[in-house]
Amino acid sequence: MSATLSTTNDLGLAMAAQRQRRIKTFDLVGLFATIATVIAAILWAFPLYWGVVTSLKPEAEVVRAGVQLLPAHWPLDSYTYALFDTKIGVWYINSLTTSLATTLIVVIMSAGAGYAISQLNFPGRRILWWMILASFMVPIQALIVNHFILFSQFHLINTLTAVVGPQLLAPVTVIIYKQFFDSVPKDFREAAVVDGAHEFQLLFRIYLPMNWGITTALAIITFIGAWNNFLWPFLAVTEEDKMNITVGITQVSDAFGVKYARDLATAILAGLPVAVVYLIFQRRVTQAIMLSAGIKG
Amino acid sequence: MLKSKRSEAVTALVLMAPFVIIYGLLFVYPTIKMVQVSFTDAPLIGDGNFNGIDNFVRLWKDRLFASSIWNTIYFVVLSVFPGTLLALAIAIGVNRLKGWTQSIVLACFFLPYILPVSVVYRIWGWILDKDFGLAQYVIAPLNGGDHVNVFRTLPLFMPAAAFLTVWWLIGFNVLLFIAGLRNISREIYEAASLDGAGRWAQFSRITWPLIWPVTVLVLTIQLILQLKIFDQVYLFSRGGRVDATSTMVQYIYKQAFQSNHGGLGAAASLVLFLVIVIFSVLQFQLLRARGQK
């Protein structure tokens, strides 16, 4: 009797010990994973940090041997140079103009088209919808030659209009608008129609206000995309004064050889607006990215 | 009733007009024109004569076109698969964190994605710089103490370009994986751990199969994106052996814009167009399959 009791007891003890061991190893693995993730994150952000720090150093300090994690002096020479001795001001204005124009036109056009396809009955609706889905699959990069031909026929090469043009093809925003307008309950529509609301009123008073979040998210991501676009602005513009900032800083270099801090300072100024927009609107940006990948979040 | 129907059509016309005009002018017309020009010997600007399938025969025989395709495939393999697997590992790690630590860690991985390619080019050009780059502290000892000009050393070019592309774009993949991981219900893990399933068993029996659809989605999105690679490779190869590292879009750029062979450029564009449409149809089917579930 006592013997059996003691064995069950032993068994229980052994099991408890085993469980404890498992919990212990669990925590160890978990801790290791957490530490690894944090270290990876630091390593990931380090190049950005290093770029910013270098841009703050005087050129002489930049090329000194050894790793200096903080600048010894902060003369900010490279920034005053970038701001006042390059065409960065003009490039900023060009980038801002083309990106804002792209965003505005894309959002208005997509909201209108998305609403019409989602809510209205008209001949050709299905064909248009299939065309949008089809254009979603077409690589804009394959059209660069013919976009260039088209814009040169209109004598628009080296203008901001040409830079904006092909960026207006954003079928994803139409698709997302359509999906969101689809999911607005029909009751709202019927109630408003009974009250004698016109289609435009329905769009501007009900459908758009109910989806302001989506509009913000899509506008932000369109703006970031337009600001960051490289290939087409690079092809469409060869005059320094008409360049976007992303193109300008890689195409125009001064005649005095490589100046690391200056180059980095101009690059950081070019990336600053989108970085700030992202940090302010993090949630909207992530939402828009998931939506454009086909994940409704 | 008839009147309201007509007014509906008029409204639709007004709302669709900007879209139809822009897509007609900038999408339909250039696409048709691309097919047409690809069968001519046109220069970039101006008309050419119909020359049948000459351009495609030339592409077939052109060693630069073949090597551009190989370079593109090489870049895709080097960037897409590591980028996807690493993103899954990072997402699992980030998903374990909570609150503000998670936000900060996620922002570290995501911030590069938001930046323009020019910034990525400058930062990595500086870090990998032959004379003063930080990376030389790691690279030089591996090379017997001599500094290496990474982007002028042919075997290192594509791996380096792929490496910084993974660094640049991984935030996007991480984001999709985190969304996928959050969709897996906690109860499944709890039930599994009650049954005594260890960490590895939980990953291989629960996480991996349930995250697989997201993995396929990420893989196809990245594949389609990287087939169109131009920016980084162009920027880093400037002044070097451009042809040796040429990709498909670079080939189009070279033929059409630098050599003034509009017809040949359009033909190469048509090839790229068809390749990407095939993969996109695949992706679309995957998304539809997901949607129906």
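Residues are numbered from 1 along each chain as its sequence is written, and chains are lettered from A in the order in which they are written. Because the model is predicted, local features need pLDDT of at least 70 and side-chain atom pairs count only at pLDDT 80 or more, while totals for chains, interfaces and linings use all residues.

Me: How many helices and how many strands does chain A have?
Reply: Helices (H or I, at least four residues) and strands (E, at least two) are DSSP runs, numbered from the N terminus. Counted in this way, chain A has 15 helices and zero strands.

Me: What percentage of the residues in chain A is buried?
Reply: A residue is buried if 20 or more other C-beta atoms lie within 10 Å of its own, exposed if 12 or fewer, and partly exposed in between, with C-beta atoms placed from the backbone. Chain A has 297 residues, and the buried share of them is 40%.

Me: Is helix α9 of chain A enclosed or in the open?
Reply: Helix α9 of chain A covers residues 186-194. Just after α9(A), Gly196(A) takes a positive phi of about 85 degrees. Of the nine residues of α9(A), the number buried is zero, so the helix lies largely in the open.

Me: Is helix α11 of chain B largely enclosed or in the open?
Reply: The buried residues of α11(B) include Met248(B), Tyr251(B) and Ala256(B). In total, eight of the 11 residues of this helix (residues 248-258) are buried, so α11(B) is largely enclosed by the rest of the structure.

Me: Is Asn260(B) buried, partly exposed or exposed?
Reply: Asn260(B) lies in the loop between α11 and α12 (262-292) of chain B. Its phi is positive, about 60 degrees, although Asn260(B) is not a glycine. Because it has 14 other C-beta atoms within 10 Å, Asn260(B) is partly exposed.

Me: Is His155(A) buried or exposed?
Reply: His155(A) sits in the loop between α6 (144-153) and α7 (160-164) of chain A. This residue is not a glycine, yet its phi is positive, at about 55 degrees. Because His155(A) has 9 C-beta neighbours inside 10 Å, it counts as exposed.

Me: Are α8(A) and α11(A) roughly parallel or roughly antiparallel to each other?
Reply: Axes are lines fitted to C-alpha atoms, for helices over the stretch in contact, and angles run from 0 to 180 degrees between N-to-C directions. Angles under 35 degrees count as roughly parallel, over 145 as roughly antiparallel, 65 to 115 as roughly perpendicular and the rest as oblique. The axes of α8 (residues 171-182) and α11 (residues 212-228) of chain A come within 11 Å and cross at roughly 170 degrees. The two helices are therefore roughly antiparallel.

Me: Which residues make the contact of α8(A) with α11(A)?
Reply: From α8(A) come Thr173(A), Ile176(A) and Phe180(A). From α11(A) come Ile214(A), Leu218(A) and Thr222(A).

Me: How are α3(B) and α7(B) oriented to each other?
Reply: Helix α3 (residues 63-96) and helix α7 (residues 154-182) of chain B pack with their axes 6 Å apart, at an angle of about 40 degrees. The orientation of α3(B) and α7(B) is therefore oblique.

Me: Is Thr84(B) buried or exposed?
Reply: Thr84(B) is found in helix α3 of chain B. Not counting residues up to four places away in sequence, Thr84(B) touches Asn173(B), Thr215(B), Val218(B), Leu219(B) and Gln222(B). Because 23 other C-beta atoms lie within 10 Å, Thr84(B) is buried.

Me: Which helix gives the largest share of the side of chain B that touches chain A?
Reply: In all, 70 residues of chain B are in contact with 74 residues of chain A. The largest share of the chain B side, 17 residues, comes from helix α1 (residues 2-37) of chain B.

Definitions and conventions
Contact = placed C-beta atoms within 7 Å.
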